Amino acid sequence: MFKINLLIAFRNIWRNKVTTAIKMIGLIAGLTSAVLLVVYLMFELSYDKHNKNAARVYRIHSVNGADLKENIKLPSGLTDMMISEIPELENGIQLSGYKDQVKVNEETYKEQILRTETSFFDLFTATFIKGNASVALKEPFTAVVSESFAAKAFPKGSAIGQTLQLKWEDSPFRIVGIIKDLPKAAHLHGDVIIRSSFSRKLNWKGYTSVSQYVLLKENTSAESVGKKLAPLYKKYEFPKGVTLKLMPLTDIHLHSHTDSELEPNGDIRYIYIFSAVALFILIIAIVNFVNLTVAASLKRGKEIGIKKVMGASRKQLTLQFLSESYLYFIAAFLMVMIITNDMIPLLGLQIGIPISIKDILSAKTVLISLGIIMVSGFIAGFYPALIISRLMPVQTLKGYGNSTPGKFGFRKILMAFQFSSSALLIICTLIVYSQLKYISNKSLGFDKDQVLITESVNEYGQKFNAFRSELLTHRAIKDVSLSHFNPGVNYGGSSSWTDDVDTAKQHQFDFISVDLNFINTLNVQVVKGRAFSAKYGTDVFNYTEAADKVPYEEYKSVMKQSPIILNEAAVAELNLKNPIDTMLSYGGLQGKVIGVVKDFNGMSLHNKVTPMSLTLTTNPDFGYMFIKLHTTDMSATRAIVNEVWKKHFPDIQPDLKFLDQHLEQLYANEMRMGSVFMYFAGIAIFLSCVGLFGMVYYDLQQRTKEIAVRKILGASVNNLLTLMNNGFIKTVLVANVIIWPVAYLLIRNWLDTFYYRISLSYLPFVLALGICLLLTILTVSLQALKAIKKSPVEALKYE
Amino acid sequence: MIALKDIEKYYASKGVKSYILRHVSTVINQGEFVSIMGPSGAGKSTLLNIIGMLEEPTYGEYKFMDEDVISLSERKRIELYRNHIGFVFQAYHLIDEMTVAENIEAPLLYKKVGGSERKSRVADMLDRFNMVGKKDLFPSQLSGGQQQLVGIARALAAQPSIILADEPTGNLQSAQALQIMELFKKLNKEDGITIIQVTHSEVNAAYGSRILHLLDGVIKEDVRL
């Protein structure tokens with residue numbers, strides 16, 4: 001029985017090549033997309049789970065009472081204090097991560113450094129190739145390096161026992177262990193992990209800030225630790241309103257959004273969105289399969305009727321159809337696995353994380369993929385099987401086409417669902433892209449094009465001026481500036497103070513410490529007063545040095561003389577009528593206003609421009625360098641910059657980047673979402689059209705006679721095309737309009753995360769409708785035309 | 001074997017009942033060869049469908065081998081199909097995706113006949129109908145008469161006690177039709193299989209032992225030959 005059914009299935013597949021192809025293409029595309037998305041989601045959800053103690057490791061976050069902003073850069077000594085006060089804590093470490101130059105045997109490498117403490121490997125699991133976790137980092141000035149770094153820096157011979165020198169550390173470090181590179185799904189990575197000493201005494205008045213992690217004892221809960229925190233705030237003189245919370249290690253990647261994450265994090269919202277997209281695509285693919293199978297069963301009614309009168313039970317028939325659909329699904333599964341294998345590196349490129357099949361290949365992923373396919377195979381096969389086997393033999397023997405208008409209605413609902421989903425994805429894609437375009441085109445108030453910046457803060461010393469002068473001799477270089485402004489990350493400093501009158505109000509200010517050339521280099525517009533200039537003795541006077549010499553009480557009175565420039569937001573915040581020459585003395589904001597600049601936005605456009613003041617450092621020796629170019633030959637100019645750089649700073653690697661590209665990184669999540677939407681909108685609309693193609697295909701087979709008769713009666717080609725299109729167009733129209741409110745709400749929600757955003761217009765909605773309609777008409781008409789052009793005699797002969 | 005009592009079949013549309021069958025009562029015994037005749041729309045096919053349990057009467061009593069068919073469960077009905085009833089259709093209704101041999105074998109699969117038994121019965125049928133050479137052909141590769149022979153072979157393979165045939169020769173030339181009728185007569189006489197056929201042809205009806213004349217859903221005449 002099974003054999004003959006299998007045989008029938010194969011013969012059916014062979015005879016109906018067109019529909020088989022449609023079914024398979026739809027299935028493979030849909031399942032591949034769903035599997036890829038699931039693979040990606042599982043990757044995102046697997047972050048830090050490889051750590052043996054993952055469930056017991058927490059990162060300490062401080063929460064600011066006023067704005068609930070979380071911070072992970074906390075005063076050193078905090079963990080020690082907590083361990084001594086809270087018995088549930090077993091261990092803890094302090095840690096900071098940064099890129100630094102590593103010198104080994106006269107070669108320098110730029111590597112990710114983790115500066116941490118001796119118990120690092122008790123909290124974070126690593127696989128030791130040489131050395132072992134229990135002794136590594138137990139002695140001072142020891143380091144553990146990654147396998148890839150060891151291979152790079154010590155191509156011959158073992159790295160163990162060798163030393164390396166870091167730029168920012170005085171003593172060399174002895175390598176005591178080599179570990180396998182930390183998995184990609186980890187929120188921290190380090191090629192060189194060094195043991196360092198941190199101040200162990202908690203002092204909120206003056207501190208170095210580091211990330212801190214604690215390990216809970218077994219069978220204790222974070223809540224019980226949380227309860228014991230409150231009394232400590234007073235005892236250890238925490239700043240007003242600051243509280244602590246414990247962030248589970250495995251939540252960091254998706255739930256933590258502080259300003260100083262070690263690496264760019266994901267976002268749980270995108271996990272939800274992508275899961276929904278995966279589900280939609282999967283449903284669309286299944287719907288396609290169901291629709292096509294039910295449609296195909298019109299042709300097989302006879303077979304079913306005969307089998308019934310020969311004594312086939314419903315169960316047997318259901319099983320037959322179910323196994324037929326599994327045949328498709330298993331074939332599709334094999335294809336999906338092959339395609340997925342090839343697609344995963346591409347996916348990695350798309351999401352910006354170079355994952356390959358071996359990073360995600362596990363029994364679990366294969367089982368989940370198989371599960372998806374088997375469950376969807378069951379749903380896709382069971383429904384048609386049920387419908388088909390339920391029909392009375394007489395209906396099927398007569399050819400039940402005319403007896404199932406209701407079924408066709410249901411299939412139209414399924415089709416409407418497909419087009420609704422497609423329209424939703426198209427609308428989202430269009431709006432996400434116009435917002436991204438808006439962001440990249442929006443004038444930020446400073447030049448971001450043709451500006452090179454250094455990726456990390458460097459110490460240039462007094463050589464900077466000579467470097468700058470030499471660069472400026474080249475015509476392609478307009479200006480060079482050094483400041484503490486790290487675009488998109490922070491302005492360098494901030495201060496807040498309580499309003500004198502309204503004590504509930506807090507003023508929040510950002511500061512940029514700039515040199516004389518900053519305003520010119522970035523082309524910031526001065527709207528009132530003047531920019532900093534070497535022409536003014538009052539500008540170049542070193543106030544900080546002078547203030548350091550006078551007694552502390554007079555410090556402020558000296559600093560009040562220092563020139564500052566405000567932005568417009570700051571003028572509004574302080575409500576200054578005539579800002580120029582006003583002396584300001586609020587918290588960290590001390591100085592005499594010499595100019596006002598137009599608001600410029602150096603941070604993410606998610607947020608509003610903050611009130612800001614520019615303070616002057618006349619002889620800067622470290623910070624981020626900005627080089628404004630004026631050239632058409634970018635590579636030649638870069639070569640010049642590199643050459644001059646090497647001459648002046650032979651010890652510093654030039655890690656120059658274009659400012660516009662650097663700022664784009666701020667929207668990595670959004671861009672990723674945009675491209676995911678675009679791909680899957682494409683797949684959704686493609687699948688919908690494939691499904692539609694199948695429906696039209698069967699519709700035409702059923703209506704060959706009708707078309708022939710109408711033609712004989714004098715219907716024109718246009719009449720017939722309209723007739724064939726009509727029903728489908730209505731369905732697509734309704735499907736689109738229904739989804740509009742949903743799309744509006746969703747996209748509105750997303751746009752609201754931006755302070756600077758496009759206003760929603762009806763255009764994307766109408767455009768999505770247009771795309772859907774156009775593709776519908778094309779899909780229907782191209783097929784219908786062939787049928788209509790046939791001689792009516794041919795069609796009628798068969799009857 | 002078959003007892004129909006007051007069988008009615010009508011379709012109600014917009015409150016108007018249009019009757020297909022009215023007050024049909026008859027008894028057909030084991031071993032009879034009955035032809036149902038009558039003009040188009042008289043309800044011949046509907047009556048045969050009801051006898052074959054392909055359709056349900058709107059009203060009335062129907063006993064098949066002393067079992068009340070109206071209240072029969074799906075499972076029981078399938079049992080009857082498997083063991084007692086063979087169908088032959090005007091349009092042959094072979095399964096296009098199956099070869100001749102597979103078509104003949106199909107009912108045996110549902111009857112759960114063992115593999116070797118199936119093989120021998122199929123071989124037997126092919127032999128009997130002179131179609132050994134055509135056993136691997138698909139229905140579309142056969143002429144109408146040959147297809148109908150396969151249809152009958154298929155019906156016989158399950159060794160039914162009754163064959164229900166809806167205009168079995170309607171699509172055939174007279175020479176082929178004659179061959180089919182001879183076959184029916186032989187099956188009836190030699191194997192004692194009850195046969196009920198719907199036909200337009202007086203010639204075909206003459207092969208049987210009894211004719212039911214149907215007119216507007218009512219049995220007008222019941223002639224025994």
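In the predicted model, strand E1 (residues 2–13) of chain B and strand E2 (16–28) of chain B pair in the antiparallel sense over 9 bridges, where pairing requires that DSSP finds at least two bridges between two strands. Strands are DSSP runs of E with at least two residues, and helices are runs of H or I with at least four, numbered from the N terminus. Within this pair, B:Leu4 stands opposite B:Thr26 in E2(B). Strands of a sheet pair through backbone hydrogen bonds, either parallel or antiparallel. The open sheet comprises 4 strands of chain B in the order E2-E1-E4-E5, with antiparallel pairing. E2(B) and strand E5 (67–68) of chain B each have a single partner strand, so one side of each is left without a neighbour in the sheet.

Residues are numbered from 1 along each chain as its sequence is written, and chains are lettered from A and ligands numbered from 1 in the order in which they are written. Because the model is predicted, local features need pLDDT of at least 70 and side-chain atom pairs count only at pLDDT 80 or more, whereas totals for chains, interfaces and linings use all residues.

Helix H3 (100–110) of chain B packs with helix H5 (residues 144–157) of chain B at an angle of about 30 degrees, their axes 7 Å apart. Axes are lines fitted to C-alpha atoms, for helices over the stretch in contact, and angles run from 0 to 180 degrees between N-to-C directions. H3(B) and H5(B) are therefore roughly parallel to each other, a term for angles under 35 degrees.

The contact between the chains takes 18 residues from chain B and 17 residues from chain A, contact meaning that C-beta atoms, placed from the backbone, lie within 7 Å. H3(B) gives the largest share of the chain B side, 5 residues.

How values were computed:
Contact = placed C-beta atoms within 7 Å. Parallel < 35°, antiparallel > 145°, perpendicular 65-115°, else oblique.
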